[in-house]
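Welcome to this short tour. Keep your viewer open and select each stop as we reach it.

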Amino acid sequence: MGVRVMCLRHAESANVVARVAGALPLAELTPKGRGQAAEAAERLLGEGVTRIYSSTAVRARQTAEIIAQALGLREEVVALHGLVEFGVGRLEGTADPAVRARTAEVLRSWVVDGRLGEAVADGEDGHAVVARVVDAFASIAAAHPSEPATHPSTTTTHPSMTTAHPSTTATHPGTAAAHPDQMAADAGQTVALVGHVGSLTAGLSVLCHGLGERVWGAPLPHAMPFPVEWDGRSWRCASWPSLRQDR
């Protein structure tokens, strides 16, 4: 086995409560969200999590740091810019219901129809979002290779996956940039990853082939971990939070 990534959407944040659109990297957790993050940590107890990764957005870092502290992890959270939510360009921060509807429409075109050229206004298209999410997962797989240990550049073999460039990472108090020297490799580890509903769904729909149409209509809830596994050849997503078993 390569690495098991316990993925989760960040806990409830101010931008969600305000129902505004966009990546909004400075939005913080609500008090309810802090409680959700603590509950996520309880769900991860016993999973053997050795490292936590998150997007560079404040709400994701706060979620990750609450979990790391609750689990007693000594290693700092690794912040990966590639995991941030997708942007909507000049419409960032708007509460216009029409923009929110267009955002959902574009996400569906990526996840279900595979039309990655779509974008909200002058924001990112699906090609850009999927590429950076795939790179983030590749960098995690490279940092936790299967035995025998190999050089990170030889670990990920999927043709669409490349290791994230260090320039795409950012630091924050309590977090660490994803420099290769700081990402200790270990065989068969379980790590946690805190991301966002749109970018995670889009990226995993490409990494885990056939996932998109199956999970559409079951958006990721806040702070509910689920496993995504890399076996050294491909990614596998065996479950999805809130997905009905009869679907």
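Before we move on, two notes. This is a predicted model, in which local features need pLDDT of at least 70 and side-chain atom pairs count only at pLDDT 80 or more, while totals for chains, interfaces and linings use all residues. Residues are numbered from 1 along each chain as its sequence is written, and side-chain values use heavy atoms, with hydrogens and water left out.

**Stop 1: strand β5**

Select residues 190-195, which make up strand β5. Helices (H or I, at least four residues) and strands (E, at least two) are DSSP runs, numbered from the N terminus. Six of the six residues of β5 are buried, so the strand is largely enclosed by the rest of the structure. Here, buried means under 20% relative accessible area, exposed means over 50%, and partly exposed is in between (1.4 Å probe, protein chains only).

Now show the side chains. In a regular strand, side chains alternate between the two faces of the sheet. Thr190, Ala192 and Val194 point one way from β5, and Val191, Leu193 and Gly195 point the other way.

Two strands pair if DSSP finds at least two bridges between them. Strand β1 (residues 3-9) pairs with β5 in the parallel sense over six bridges. Strand β2 (residues 49-54) also runs parallel to β5, joined by five bridges.

**Stop 2: the salt bridges of helix α4**

Select residues 97-111, helix α4. A salt bridge is a side-chain nitrogen of Lys or Arg within 4 Å of a carboxyl oxygen of Asp or Glu, and by this rule the count comes to eleven.

Start with Glu105 and Arg102, whose closest N and O atoms are 2.3 Å apart in their salt bridge. Both lie in α4, three residues apart, about one turn of the helix. Glu105 is partly exposed at 48% relative accessible area, and Arg102 is partly exposed at 29%.

Arg102 also forms a salt bridge with Glu118, with the closest N and O atoms 3.2 Å apart. This pair links distant parts of the chain, 16 residues apart: Arg102 is in α4, and Glu118 is in the loop between α4 and α5 (126-143).

Then select Arg108 and Asp113, a salt bridge with its closest N and O atoms 3.5 Å apart. Salt bridges that share partners join Arg102, Glu105, Arg108, Asp113, Arg115 and Glu118 into one network.

**Stop 3: the largest pocket**

The largest pocket has a volume of about 650 Å³. Of the 27 residues that line this pocket, the closest to its centre are Arg9, Glu85, Arg100, Thr103 and Val197. On a 1 Å grid over the protein atoms alone, a pocket is an open set of points where a 1.4 Å probe fits, with protein on both sides within 12 Å along at least five of seven lines; lining residues have an atom within 4 Å of a point. Grid points are joined across faces, edges and corners, and a volume is the space filled by probe spheres set on the points.

Which element gives the most to the lining? Helix α4 does, with four residues.
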